[in-house]
Amino acid sequence: MASRSTPTRTALSLGTGLAAAGALALAGVTPAAAQQTAAPAPVTASGPTTVTPAGHGFSAALSGKATLKSGSVTVTCSVSSSTGTVPAAPDNHNADGAVVSAISPPSFTSCTTSMPGVRATVTTSGSWTVSMQYGSPVVASFTVPAGGLVVQTSGLASCTVTAAPTAPAVTSGTWANGAPSSLAFANAAVPIKVVGGFGCPTSATSSSFSATYVVSDTTDPAQQITVSD
């Protein structure tokens, strides 16, 4: 579990409008750690939620490709991951709504772009959170901390792209229990700010993300991370 991490830097080849890439994996956190993170957006559904096994560590890894789009720029990444821990009992259960968790800043590598001649360095930092709300479907609402993902490009375009530039940003995906369980995002939007000169998409204000992550129990690989009521 990581409520705050040392910034993670990853060199990749990606398009200039891509600051919204970051967000995606499931993790757990105790209430004390949750207080140190940005509050997630409220989930409209109500009712009890339980994440199990309580106290178990996990890893979340990209399955297939992650597609990131900003305007006419499309970026495809084949490697992305994060880690965390399910809250210990009784904090893994909320009788009145979502279970709030933390994730380590995700990494993104092995990326290609539709914009030739552009290289980039991605920096992720800060306290990333996700809330799980049991329902049909199970909703996973994740929070990117303010300025928690920055893309600095070089080459044919020198740009700085910041995700959640002024405040934490929240977007939602869908959780599915299984062996392993999975978390899917389809065109999830995150606000961005782009600064730079020629070739930089300075008019872009949002970026979308589509990907599926598999979540594995690292404490006991024979078990599965599960969300229930």
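Which residues do ring pairs link into a cluster? Keep that in mind as you open the viewer on this predicted model, and let us walk towards the rings.

**Stop 1: the aromatic cluster**

Select F108, F185 and F209: ring pairs link these residues into a cluster. A search through the whole structure turns up two aromatic pairs.

**Stop 2: the nonpolar core**

Keep F209 selected and widen the view. The largest nonpolar core holds 45 residues, and F209 is among those with the most contacts inside it, together with V51, M132, W175 and I225. Colour strand β14, residues 181-196, next: six residues of this core come from it, the largest share. As a general background, nonpolar side chains in soluble globular proteins tend to be buried together.

**Stop 3**

Show the strands around it and you will find an open sheet of three strands in the order β5-β2-β16, with antiparallel pairing. β5 (93-94) and β16 (226-228) stand at the edges with a single partner strand each, so one side of each has no neighbour in the sheet.

Strand β2, residues 49-52, is joined to β16 by three bridges. Step to T50 and look across to S228, its bridge partner in β16. On the β5 side, two bridges make the antiparallel link to β2. Select T49 there: its bridge partner in β5 is N94.

**Stop 4: H56 and its surroundings**

Follow the chain on to H56, in the loop between β2 and β3 (57-70). H56 has a relative accessible area of 14% and is buried. Draw a distance between the side chains of H56 and D217, where a polar contact of 2.7 Å joins them. Leaving aside its neighbours within four places in sequence, H56 is also in contact with residues including G84, T85, V86, T219, D220 and Q223.

**Stop 5: P106 in its loop**

Next, select P106, in the loop between β6 (99-103) and β7 (107-113). P106 is buried, with a relative accessible area of 1%.

**Stop 6: the disulfide**

How many disulfides are there to find? The count comes to one. Show the side chains of C159 and C200, whose sulfur atoms are 1.9 Å apart. C159 lies in strand β12 (residues 159-163) and C200 in the loop between β14 and β15 (206-217), so this pair links distant parts of the chain, 41 residues apart. Check the torsion about the S-S bond as well: at -95°, the link is left-handed. C159 counts as buried at 0% relative accessibility, and C200 does as well at 10%.

How values were computed: Residues numbered from 1 in each chain as written. Predicted model: local features only at pLDDT ≥ 70, side-chain atom pairs only at ≥ 80, totals over all residues. Heavy atoms only, no water. Core = buried A, V, L, I, M, F, W, Y, C linked by side-chain atoms within 4.5 Å. Buried < 20%, exposed > 50% of the residue type's maximum accessible area, 1.4 Å probe, protein only. Helix = DSSP H or I, 4+ residues; strand = E, 2+ residues; numbered from the N terminus. Pairing = 2+ DSSP bridges. Polar contact = N/O pair within 3.5 Å; in protein donor to acceptor, adjacent residues only side chain to side chain. Contact = heavy atoms within 4.5 Å. Disulfide = S-S within 2.5 Å. Phe/Tyr/Trp six-rings, centres within 6.5 Å; stacked < 30°, edge-to-face > 60°.
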